[in-house]
Amino acid sequence: MTNAIEITDLSYRKNTKTILHDVNLQIVQGRVVGLLGENGAGKTTLMRLMADVAKGAKGTIAINQETDGTKRRGLISFTESLRGFRPGSKLSQIRDVYATVYPDFSAQKYIDLTTFLQIDDDLELNKLSRGTREKFIIALTLSRQAAVYLLDEPFNGIDSMSRKRIISSIIKWKADDATMLISDHYVTEIAALLDEVVIIKDHTVCTHKSSEEIRSQFGIGVEDFYESVYGGDIHDDEL
Amino acid sequence: MEFDDKIPIYYQIKNDLYHRIVAGDLAPGEKLPAVRQLAVDLTVNVNTVQRALSEMVTEQVLTSKRGVGNFVTQDTTKITALKQRLSHGYIERLYTQLHALRLSDGEIVAAIQEYMATTNEEE
């Protein structure tokens, strides 16, 4: 089994403040992994470093063995905030930008995804509800045929119908050999989607475990496990 | 299908398929939906479905044809054995619980017969 993601001794400081330290993480190709942790734990920073959006960390990050930032960026499809686009932009114009910038953008996949997620791409960006905006970001992100997908809190503050559609679209359209990292601080609704969970605590990887192993070893769900690890009910020597 | 998050999901998928096969909802020789379709229907990870199906292929409850799909076994002795295994599990649980209530074997049989008689009457 090859590792799609290999992070070695990664540390990152911002204005003398430690954001991440001594992060070591290997993720096998094809897995769907939940990146869990409280707000401010460093989940988003870790994704930004992987995607080469944030720079200046110590240590190495390899995506499909590529450590070079520019090459990594080409292999990763990262959900973005769309803040760089004019609020009045039509969704179809944003799609055109994506299609130009990313050679791996699939027009067909975009059509399939927007149809399934019920997105009208004649709309303007500033007219979208929270749920539709998140769905559109997912459609753009998954339309790229990337090796690794990084979804940063894609379910934050959206209605349950949109959430279900997004989950289904991930199951439907993630290629077998594509690897996916999904950050969240609440997991119950996506637990069945995750092969593994990585818990970030105190600025580093606190535990990395298969979801099924959590269920069989501890007899608890992923959410309970996460809370137990955070609350200190499960100690390091039990992991 | 609703999953219990405390129990391995592949195990629950297997159990659900066992019951559908024994009940005949999935007939001997019937082709199962594609792995990804099952994953979408159950809203679970594709790898989890794959694990459940591979184990059932190893157990010879399913047969796998490369590039074609997974099929319920045509060997009905396998299905009969599965039926016995499942019902044995239920009976074992029931018997253990009634035994713990200090019912004698005779009382257990009588209680079950009485229960069946009244339920069949209601139907």
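The exercises below work through a predicted model with chains A and B.

Local features need pLDDT of at least 70, side-chain atom pairs count only at pLDDT 80 or more, and totals for chains, interfaces and linings use all residues. Residues are numbered from 1 along each chain as its sequence is written, chains are lettered from A and ligands numbered from 1 in the order in which they are written, and side-chain values use heavy atoms, with hydrogens and water left out.

**Exercise 1. Annotated spans**

Find which residues UniProt lists for "domain: ABC transporter" and "domain: HTH gntR-type", and describe each span.

Step 1. UniProt positions are given in the numbering used here; feature names are shortened, and annotations may be inferred rather than shown by experiment.

Step 2. In an unreviewed entry, UniProt lists residues 5-227 of chain A for "domain: ABC transporter". That span is 35% helix and 27% strand. Its end C-alpha atoms lie 26 Å apart. Helices (H or I, at least four residues) and strands (E, at least two) are DSSP runs, numbered from the N terminus.

Step 3. For "domain: HTH gntR-type", also from an unreviewed entry, UniProt lists residues 7-75 of chain B. Here the chain is 51% helix and 12% strand. The end C-alpha atoms are 30 Å apart.

**Exercise 2. A covered helix**

Decide how many residues of helix α8 of chain A are buried, and what covers them.

Step 1. Buried means under 20% relative accessible area, exposed over 50%, and partly exposed in between (1.4 Å probe, protein chains only). Contact means heavy atoms within 4.5 Å.

Step 2. Helix α8 spans residues 222-231, and seven of its 10 residues are buried. They are A:V222, A:E223, A:F225, A:Y226, A:S228, A:V229 and A:Y230.

Step 3. Look for the cover. It includes strands β3 (32-36), β8 (196-201) and β9 (204-210), along with helix α7 (211-218), of chain A.

Step 4. Read on past the helix. A:G232 follows α8(A), and its phi is positive, near 80 degrees.

**Exercise 3. A buried serine**

Is A:S89 buried or exposed? Where does A:S89 lie, and which residues is it in contact with?

Step 1. A:S89 counts as buried because its relative accessibility is 5%.

Step 2. A:S89 sits in the loop between β5 (76-78) and α3 (91-101) of chain A.

Step 3. Set aside neighbours within four places in sequence. A:S89 is then in contact with A:I94, A:L123, A:E124 and A:L125.

**Exercise 4. Salt bridges within the chains**

Describe the pairs A:R72 with A:D52, A:E189 with A:R163, and B:R51 with B:E55.

Step 1. A salt bridge is a side-chain nitrogen of Lys or Arg within 4 Å of a carboxyl oxygen of Asp or Glu. The whole structure has 21 of them over all chains.

Step 2. A:R72 and A:D52 meet at 3.9 Å, N to O. A:R72 is in helix α2 (residues 69-75), while A:D52 is in the loop between α1 (43-50) and β4 (58-63), 20 residues apart. Both A:R72 and A:D52 are buried. A network of salt bridges links A:D52, A:K55, A:R72 and A:R73.

Step 3. A:E189 and A:R163 have their closest N and O atoms 3.3 Å apart. A:E189 is in the loop between β7 (179-184) and β8, and A:R163 is in helix α6 (residues 160-173), 26 residues apart. A:E189 is partly exposed at 42% relative accessibility. A:R163 is buried at 16%.

Step 4. B:R51 and B:E55 have a closest N to O distance of 3.7 Å. Both lie in helix α3 (residues 46-58) of chain B, four residues apart, about one turn of the helix. B:R51 is partly exposed at 37% relative accessibility, and B:E55 is partly exposed at 24%.

**Exercise 5. Where the chains meet**

Work out how many residues are in contact between chains B and A, and what area is buried.

Step 1. The size of an interface is often given as the accessible area lost when the parts come together. Buried area is that loss for two parts (1.4 Å probe), summed over both.

Step 2. 16 residues of chain B are in contact with 23 residues of chain A. The buried area is about 1,500 Å², with carbon and sulfur atoms giving 49%.

Step 3. On the chain B side, B:D5, B:R36 and B:N45 lose the most area to chain A, together 37% of what that side buries.

Step 4. Two salt bridges run between the chains. One joins the side chains of A:R215 and B:D5 (2.9 Å, N to O).
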